[in-house]
Every structure is written in structure tokens, then in C-alpha cells.
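Hi everyone, thanks for coming.

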Amino acid sequence: MSSLPVSSIRALADLHPKPSNLRFQYGTAGFRTLGSTLESVMFRVGVLAGLRSKKLDGKTIGVMVTASHNPEADNGVKLVDPRGEMLEASWEGHATVLANAADTDAFIEAVENLVKTMKIDVSKPSRVVYARDTRPSGPQLIASLEDGFQAINVEARNAGVTTTPILHYLVRAINTKGTKDAYGEDSEEGYMNKLSSAFKKLIAGKPASPPLIVDCANGVGAQAAAELSAYLGETLPLILHNTATTAPGALNNACGADFVKTQQKPPPSLASHLKPGQRACSLDGDADRLMYYYLDERSQFRMLDGDKIAALVAAFIGDLVKAAGLDGQVRVGIVQTAYANGGSTKYLSERLPVRCVSTGVKHLHHAAEHYDIGVYFEANGHGTVLFSPETLTKFAEHQPSTPAQSTAVNHLVNLTQLINQTVGDALSDMLFVEVVLAHKSYSGFEWDSLYVDLPNRLVKVVVADRNIFKTTDAERRLVSPPGLQARIDELVGKYDSGRAFVRPSGTEDVVRVYAEARGKAQADELAFRVAGMVYDETGGDLAQRPVEFL
Ligand code: 16G
Ligand code: MG
């Protein structure tokens, strides 16, 4: 049995020393911090990805270099497991250990430990496909990552500059190639073809759609959207904005899905393009989140966020399942987080089963897998719909008894092709929304009218130590610090339709407070009063209470 190529690892690891003053953590979205500090992390992730592949018998692992909606100077990296899903949670800890080994010797020791404890057969082949977004720090970080691949002889395939969801697609396509579960051709063209042909089938016979404005956040989504637009042609005219992928400082700056959601306004760059009634949407920096919006007849901004998308698409799928005659055989369910607006939860739970899970895509994704068709969306615009393997078989074997049933089954089958099954995908979700709008003859207004959002406020509190805040019940209740939840409950009880929760962020050194209530002023007041309680709990100086808006 061969052993680890220690001298090769050593020589290359020495080129990428860990900054001694920094500690890295593989968090909700992988490693993410200032791009200029990440070289050693990239090298080590290269080695780790190779080991993960060896552990899984040479299956292809994905590596995505991106910091999503974060500022341009940030960067990050996350691993993708063979079916195109997020890295298995137990390996997040291994990633953190490897990233924090103080020097080359400690790193080699950590790698040897991992090989031993996980019983990794290092003689197995290892395969990785990797990509990056458009950040300026990307090329240098990719070079470090490639040194990691080289250190343990990974067969590495460079997917270039592409979106996070396309990389996830590629991973699944590569690993299922030539099998009965073949996911698609393992190329960007394969992805574009798959989505655009399903879309064309789904909107066949519907009136031509008016053009859709797409804010590409000056990120990698701009390239993918331009490519997709060419495949779609007349079937969905896209007007792309914020496509300046090489303009310094432009990425996610006053544009993109996160800006729209947190500022509750359209990107200023779209101001002169948005006319009342015009549909528009924003992608985030790596094109896995989507926000829709429009201006009403009084030119008021109306946001159609992840919750509104969930409401629109879940009801559509539920209706198709019924129309196909599969009611009772195929269970449709919804997964949300505590951030889902109470209005959306009420609307959805009157129609379909709804579950609430902790924040973070991996939690939603796994919960959605428990349904035959699982619809999951975070309010921030990340989400997708999962069809279980048994459901796909049911669609294939179903014998429709009427032409209407047959049409509905066909639509469902086409949706399984349109919707990215690996991860939330802004472009795939955008096409899905457009299909539903076309089928229902909805404008933004009718869609928005499905339910009314409760006024809400999100606030972040900078505290000395966010780790003292521990939650339960899908992050809806605090168990620590003791007593705080009871005081929050008492306060919330004083507000009509009041709801509030406190959770430590998984991506920033802050605590987040969310509140909603019948009126805007009440929601704001509740959020700030709870934020005050949180701050007081940490013994801060009230005069400098560092509460920030988010
Ligand atoms: C990350 C998560 C997102 C979550 C957000 C919460 C992934 C791929 N992304 O962006 O799902 O909503 O973190 O951030 O899991 P927070 O913990 O700072 O509030
Ligand atoms: Mg993103």
C-alpha cells in the first residue's frame, strides 16, 4: 500500500505558511474572510479535497472559491460532495483542524491523523473539479489551491470562472455520467441546454413574456446570465444590468440580492430603468440567491423575496401534483427558517406541511429531502425544490387517465429538469418563477398579493462574545444566557402579532435579532428593545451601545 507523499506535501506547504495570528473556521458557507489572508487555507483545502475524494473511492469532489455576497476584498472556499451537495458536516471539523495547523510539521501531522482516523486508503485515486467567481483575489488563491492538488496528486479539472450552482451541477453530472441517474452533460453548455430546453417546453403556447431586468451584482452571474440569455433567445428577453465584472470595487456594491434584501430598496443603478409594473430581479455575487421586485402604480418598491418565491412555486407544484392525479401518492412539503415572514408561514401552512429548521442551506436541503417533493427557501433568496428518486420513478411510471393529467405530469417532469437539484440556483429559480408567472398570467402585483408580509426588522448587535448565545427549536428560542428568553417572551407578548428571536451569526462576529409585528413602528421598536436586552446581557457600556441596522 502506498503512503502519503510527505515530501511533496512538505515542499509545497512551505510555500503557503499559515499567518500566525489568524484562526480560520469552516463555517456555514465554508471558509470566508479577507481574501489576502487565505492562501494557506486554499492550499490545505486542496489537500483535504483530495483526501475526501480518496475516502469516497475516487468520486469527484467540488471546490468553489467565492465569498458570495460579501464585499469584493473577501474571498472564501467551500467543498461540494459527490451528489452536488454541501460537504458532509462531520468533515467541516477536519477542514478547520487542517486550516489551523500552526506550521508545515503540524499540518503534516494533522493530515496523517485524518488519514488514520478516517481510514483513508491513500492509494485510491482522487478527483476534484474546481471553479472561482470574479473576485480579483481569485487567480492567486486558485494557484495555491492547485499546489494543494499537486501535493497529493489529485486529478484536478479546472471549471474556470463560473457560478456556485454551475459548479455544483458539474460535480453531480461528472459523478453520475453513464449511470441511470445521469444528471446532465458535464459542461457549462450541458447546464445551459438542460435549463433552457426544459424552460422552452414549460412555456410552450404561453404568450410572449415582457422583458425581465436582471441585476447581476457585477459578479460571475453576469457571464452565466449572458450565456443563458443566448440560449433562451426570444422565449425570455433578459435585460442585464450590473455586469461590470472587472470594474474595481463594483462587485456586490450597492447592487445584488443581499443589498436589495437588507436595504429593502432596488439598486440605485436601476432607478431610471424601473418603471411601474416592470419585473426585475437581483442575483448575488455567486448567483445562488435571487430577489425579485417591482414598483407598484405609485412607484413604491415591492420586494418578492425567498418567502414570496416559496409561496408562488409551492402552490404551483401542489396544484400540478393534484392535476396529475398523484394527490396522496406524492407528498409536497415546505422547509423554512425562523427568518421566514409570519405572513408566508401562515399562507403556506394553510396549504401544505411546513417545517422550520436552523439557518444555513445544508439544514434546509436535508430537511427537504424528507419529502417526496421538498420546497425550501430562505427569506434571503436561497432555495430550490428537491424531487426524491421515488418521485421521479412515480412520474415515469404514472399512467395518466386524461389529457389534463398527462399535461400536468409532463410539466412536473420538465420541472425536475429545470430546477437545480443540488443547491439553490438564482438562474434556475428565475426561470422557474417566470414559468409560474406565465402559467398563472400573474404580474408582480398578483404574485405579491398572495399574502401580505408582516412588517419586520433585522438588527445586528456587536457583542464581546457571541458564543454565550445558544439556541434551540430551530434557532427560535434561546437557552443561554439563562433567563433572557423569558424576558423576551414577556416583551413580545405585548405586541400585536409580535414575534422575535435572537441567534448568533454563523458568518460574522455578531448576534442577530429579528422581530415582526402588526405595524412597522412596532416591529422596529420590538427589534431594538430585544437588541438592547441582548447588549445589556453582555455587560456593555450603554452609552456606546453598538447596535447596527442590517
Ligand atoms: C450563509 C448561508 C445562508 C445563511 C447565511 C446566514 C449557505 C451556503 N449559506 O450565507 O444559507 O442564510 O449564511 O448567515 O449555507 P448568518 O449566520 O451570518 O446569519
Ligand atoms: Mg451566494
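So, into which domains is the chain divided? There's domain 1 at 6-161, domain 2 at 189-303, domain 3 at 306-448 and domain 4 at 456-549. If you take the C-alpha centres of domain 1 and domain 4, they lie 35 Å apart.

Please keep in mind that this is a predicted model. The mean pLDDT of the chain is 96, with 97% of residues at 70 or more. Confidence is highest in strand S4, residues 127-132, at a mean of 99, and lowest in strand S20, residues 547-549, at 49.

My last stop is Gln421, in the loop between helix H14 (403-418) and helix H15 (426-440). Is Gln421 buried or exposed? With a relative accessible area of 8%, Gln421 counts as buried, because the cut-off for that is under 20%. Its side chain has two backbone oxygens to look at: that of Val385 at 2.9 Å, and that of Ile419, 3.1 Å from a polar side-chain atom of Gln421. Setting aside neighbours within four places in sequence, the contacts of Gln421 include Arg172, Tyr183, His365 and Phe387.

That's my tour, and I'm happy to take questions.

Conventions. Residues are numbered from 1 along each chain as its sequence is written. Chains are lettered from A and ligands numbered from 1 in the order in which they are written. This is a predicted model: local features need pLDDT of at least 70, side-chain atom pairs count only at pLDDT 80 or more; totals for chains, interfaces and linings use all residues. Side-chain values use heavy atoms; hydrogens and water are left out. pLDDT is the predictor's confidence in each residue, from 0 to 100. Helices (H or I, at least four residues) and strands (E, at least two) are DSSP runs, numbered from the N terminus. Buried means under 20% relative accessible area, exposed over 50%, partly exposed in between (1.4 Å probe, protein chains only). A polar contact is a pair of N or O atoms within 3.5 Å; within protein, one must be able to donate a hydrogen and the other to accept it, and residues adjacent in sequence count only if both atoms are side-chain atoms. Contact means heavy atoms within 4.5 Å. Domain bounds come from an automatic or database domain assignment.
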